[in-house]
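The following exercises are to be worked through with the sequence and the model at hand. Each task is followed by a solution in steps.

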Amino acid sequence: MGKGFPKDFLWGGATAANQFEGGWNEGGKGMSTDDVVTNGTNTTPRLLTYTLPDGTHKQTPMFFGLDVPEGTVFDCQEGYLYPNHEASDFYHHYKEDIALMAEMGFKCFRLSIAWTRIFPNGGLNDEEPNEAGLAFYDDVFDELIKHGIEPVVTISHYETPLALTHAFNAWADRRTVDLFVKYCETIFKRYRTKVKYWMTFNEINCIDMNGWMPAGVATTSKQVRMQAAHHQFVASAKAVVLGHKINSDFKIGCMLAYSLTYANTCNPDDVIEAWKKSSGNYFFTDVQCRGYYPNYKLKEFEREGIVIEKEPNDDEWLAKGTVDYLAFSYYMSNVASADPAVQEKAKGNLFTGLKNPYLKASDWGWQIDPVGLRVALDYLYDRYQIPLFVVENGLGAVDKVEEDGSINDDYRIDYLRDHIREMEKAVNEDGVELMGYTPWGCIDLVSASTGEMKKRYGFVYVEKYDDGTGDYSRKKKKSFDWYKKVIATDGQDLD
Ligand code: BGP
């Protein structure tokens, strides 16, 4: 038995509306940028579907940037599957799902609010918020609270109202800042007594690689993406200040996709290369936790001729609106080398790097590194000295349902156990202030990168398949009882 975690540790699980909720066109919900993304696989990319002003239907891999002429409409096209539309149908299963979470002993549940349920057009020409959307989350939060589960809410998780993309390329345009703040004000006021923990943007640093998922921006230009990032920084800072005014007990965090990068050798050139890769992460948390742009980024912008347009008070907002805690996802680590001859690439969660000979990889090629989670916690805590929250971690794997209906996901138990062990060391041996742990996709959901259902993370299996079939019934996996015991013993019994 290990030392375990404090009594008030927030054990739970994490999901996001676009990957879990379904009900994409129910209850007055508007379309979001995820509604026009098809399914894919580990080797074939998810596509963005759209129609050019001359009526030509087009499809482009979502992860590559794209530049489209004015008047392009992102839409759903015949012959394609859009897995986020129905996802795992939490929209109609939330009572059953929350009961399962309660049975595991969850102390918290991380979910996101779909902006387009509250403002179908992102607030543009939406005079009033959509009452049906607000009422849906009231019901979800009430159900959680009834079971003693604390909601942890991501305000924007990889989906932007499509109306804003069509109007002015969403976060590339300053007007989105005010619309986001209006959306925040609406949900902060409505759920003032029901939700205490908030996060502004999921994996905000994803915008370094891709404009569509995190910002609804169709572009290949770094200049445009960095301007969009600035708008999100300001919007997040304004949301933090506003949230604290509405309820001074609110805890509002940022959220980073942490990509731990090791130097391939102790050659100082490799070390610099690894720092360059890491600073790509730190830039975002430096702004959100420290309240100003770091010098290394200003120099990079200068070198590359990137100019960020700021309004006169933006720097003040960034300084005032620093976050209360730093939440992050951690799945894997990476390796960087300055030597062009070292080339064996590994796949990854947004970021790719080189193969690490000391690590095994998941079926999707993500390199499994539990000790790296301790390193991540130590580095991040040392850098910012504010509470941390591991809000995503887990193993995407193919699960087999046996003839007797059981699902023996020992590989998932092993992955989670090893990571919790290292987290425990970071807390008890290194003194890291850690608020909680919410493994990703606690109930199976659609993969963000591939759109697959078969890349499963959950303690609970959802009967839904990649071809769109399935009855959405839920089944407990072996890891369900294991996690229940982990929570019941405050993480002391991990066997
Ligand atoms: C993170 C996202 C999640 C989630 C997770 C797993 O980047 O915040 O939305 O999907 O990664 O990734 P995937 O679904 O691609 O396996």
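**Exercise 1: A pair within one helix**

Being three residues apart in helix α13, Asp414 and Arg417 are separated by about one helical turn. The model under study is a predicted one.

Task. Determine which interaction the side chains of Asp414 and Arg417 form, and decide whether Asp414 is buried or partly exposed.

Solution. 
1. The side chains of Asp414 and Arg417 form a salt bridge, with an N to O distance of 2.9 Å. The cut-off for such a pair is 4 Å.
2. Asp414 has a relative accessibility of 36% and therefore counts as partly exposed.
3. Arg417, at 15% relative accessibility, is classed as buried, since the limit for that class is under 20%.
4. Elsewhere, salt bridges with shared partners connect Asp399, Asp409, Arg412, Asp444, Arg456 and Lys477 in one network.

**Exercise 2: Two further salt bridges**

Task. State where in the chain the partners of the Asp286–Arg290 pair lie, and where those of the Asp410–Lys478 pair lie.

Solution. 
1. A salt bridge connects the side chains of Asp286 and Arg290 at 3.4 Å, N to O.
2. Both Asp286 and Arg290 belong to helix α9, residues 268-290, and are four residues apart, about one turn of the helix.
3. Asp286 is buried, at 1% relative accessibility, whereas Arg290 is partly exposed, at 34%.
4. In the second pair, the side chains of Asp410 and Lys478 meet in a salt bridge of 2.7 Å, N to O.
5. This pair links distant parts of the chain: Asp410 lies in helix α13 (residues 410-428) and Lys478 in helix α14 (residues 478-488), 68 residues apart.
6. Asp410 is partly exposed, with a relative accessible area of 33%; Lys478 is also partly exposed, at 40%.
7. The count of salt bridges comes to 38.

**Exercise 3: The order of a sheet**

Task. For the open sheet of three strands, give the strand order and explain why one side of β3 and of β4 is left without a neighbour in the sheet.

Solution. 
1. The order is β3-β2-β4, and the pairing is antiparallel.
2. β3 (57-61) and β4 (73-74) are at the edges and each has a single partner strand, so one side of each lacks a neighbour in the sheet.
3. In general, strands of a sheet pair through backbone hydrogen bonds, in parallel or antiparallel fashion.
4. Strand β2, residues 47-51, is joined to β4 by two bridges, and the two strands run antiparallel. At least two bridges are needed for strands to count as paired.
5. Thr51 has Val73 in β4 as its bridge partner.

Definitions and conventions. Residues numbered from 1 in each chain as written. Predicted model: local features only at pLDDT ≥ 70, side-chain atom pairs only at ≥ 80, totals over all residues. Heavy atoms only, no water. Buried < 20%, exposed > 50% of the residue type's maximum accessible area, 1.4 Å probe, protein only.
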